[in-house]
Amino acid sequence: MSNKKPVVVYGASGYTGRLICEYLREYGIPFIAAGRSADKVQAAMQSNVPGIETASYEIAEVPHSVAALTELFRGASVVLNTVGPFAKFGPEVVEACLAARCHYTDTTGEQDWLITLDEQYGAQFAAAGLLLSPGLAHMYTTGEIAAQLCLETPGLDTLDIAVFWGGSPTIASTQTILVNAATSKAYYLDQNKYVEWQPDAGLYNVTIPGQHEAALALPWGGTSHPVWFKRDPRVATVKVLGGVFNKPLMQGVPLIVAAALKATEGMNPEERYAALAQTAAGVMNTMPPRENPRLNKSVDSVHASGPLARAHCVIFGNCNYKQTGLLQAFAAASLLQQAPRRVGFASGCQAFGHHELLGALRSFGLVQAPILTVHR
């Protein structure tokens, strides 16, 4: 039996990676904090992970290659990946997980990456008895929990989802948003088929439960939900809009994206990525402060409908990045104790159960009890 620590956090020095390590410590799970710079990871653990002195962990420096990552992962059971943009950096991690026979989760919101995983890797992970669960994160999983609660009412086939949170995107999130917008289309699900969102539609006005003021939203790359529910026999149509409560910030997003697209026209993929990364650094080049539950609030709202029934579920919460860190740590804790409910490509709810994930978020004080209203 390998004596290697059972969980690898790849990208542990980043904002989300640090939070995952924090919750792994609270679950008492030994882990390897890995990244391309051991010094950077060590500094992040010592300065940004409360209680790290009581954790059982190791630091690992690893080149971003399939061979090096396979060697690092071999003997572990679960890899929690936070290194994005995932469409660019994810394939090596996924292939290394297959080679080392590890379960894989990540925090992506890149719809094209989910479609790639579903179509190219899902069957291989299923055949190996391994879980491939991308997008295990607040902006996706908490909304999915609300959707699954609605779908407990039979006869609902359409999901209208809104996800909002308070705060600023991290450095990595800002880069991912720009790269994803410049290189990929955004889709919603319409009668079980992917349909492209109108790329020049601009901002959408959205009604958020619990406040009088309307909010501004975007398709946010299409999000994970249309991909997860495409093979759910109950669901035919899924549309998702999301954003932050800060209106000036939302008003600036389309302008920044449009300028970045124009500036990178005609570039090859590598040149475009470098230019977009530089633009992202100009927008956000410092880590946001640690979240404050009085300021960093979240709202996940789902209207579900069918021919003769309707349901609405809203989940009010706080600290969306902490929610992400906890969801990842809970996934690792579950996988170390029992097999997932589904192997291969699966969402967090499909793999672990929406009531179980909700229970974890509730037990750590990150969300209120859902408000579910059903009309038959």
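Biologist: Is cysteine 349 buried or exposed?

Modeller: A residue counts as buried under 20% relative accessible area, as exposed over 50% and as partly exposed in between (1.4 Å probe, protein chains only). Cysteine 349 has a relative accessible area of 6% and is therefore buried. Please note that this is a predicted model, in which local features need pLDDT of at least 70 and side-chain atom pairs count only at pLDDT 80 or more, while totals for chains, interfaces and linings use all residues. Residues are numbered from 1 along each chain as its sequence is written, and side-chain values use heavy atoms, with hydrogens and water left out.

Biologist: How many disulfides does the rule give?

Modeller: The count is zero. Cysteine 313 is in no disulfide, its nearest cysteine sulfur being that of cysteine 150, at 5.1 Å. Cysteine 313 is also buried, at a relative accessible area of 0%.

Biologist: In which order do the strands of the open sheet run?

Modeller: In general, strands of a sheet pair through backbone hydrogen bonds, either parallel or antiparallel. Here strands are DSSP runs of E of at least two residues, and helices are runs of H or I of at least four, numbered from the N terminus; two strands pair if DSSP finds at least two bridges between them. The seven strands follow the order S3-S2-S1-S4-S5-S6-S15, with parallel pairing. Strand S3 (57-61) and strand S15 (344-345) are the edges, each pairing on one side only. Strand S2 (residues 31-35) is joined to S3 by five bridges, and isoleucine 32 stands opposite glutamate 58 in S3.

Biologist: At what angle do the axes of H6 and H11 cross?

Modeller: Axes are lines fitted to C-alpha atoms, for helices over the stretch in contact, and angles run from 0 to 180 degrees between N-to-C directions. The axes of helix H6 (residues 138-150) and H11 cross at roughly 75 degrees and come within 9 Å. Contact means heavy atoms within 4.5 Å. His138, Thr141 and Thr142 of H6 meet Asn320, Gln323, Thr324 and Leu327 of H11.

Biologist: Where is serine 347 placed?

Modeller: Serine 347 is in the loop between S15 and helix H12 (348-352). Serine 347 is buried, with a relative accessible area of 0%. Leaving aside neighbours within four places in sequence, serine 347 contacts Ser133, Glu144 and Trp228.

Methods. Disulfide = S-S within 2.5 Å.
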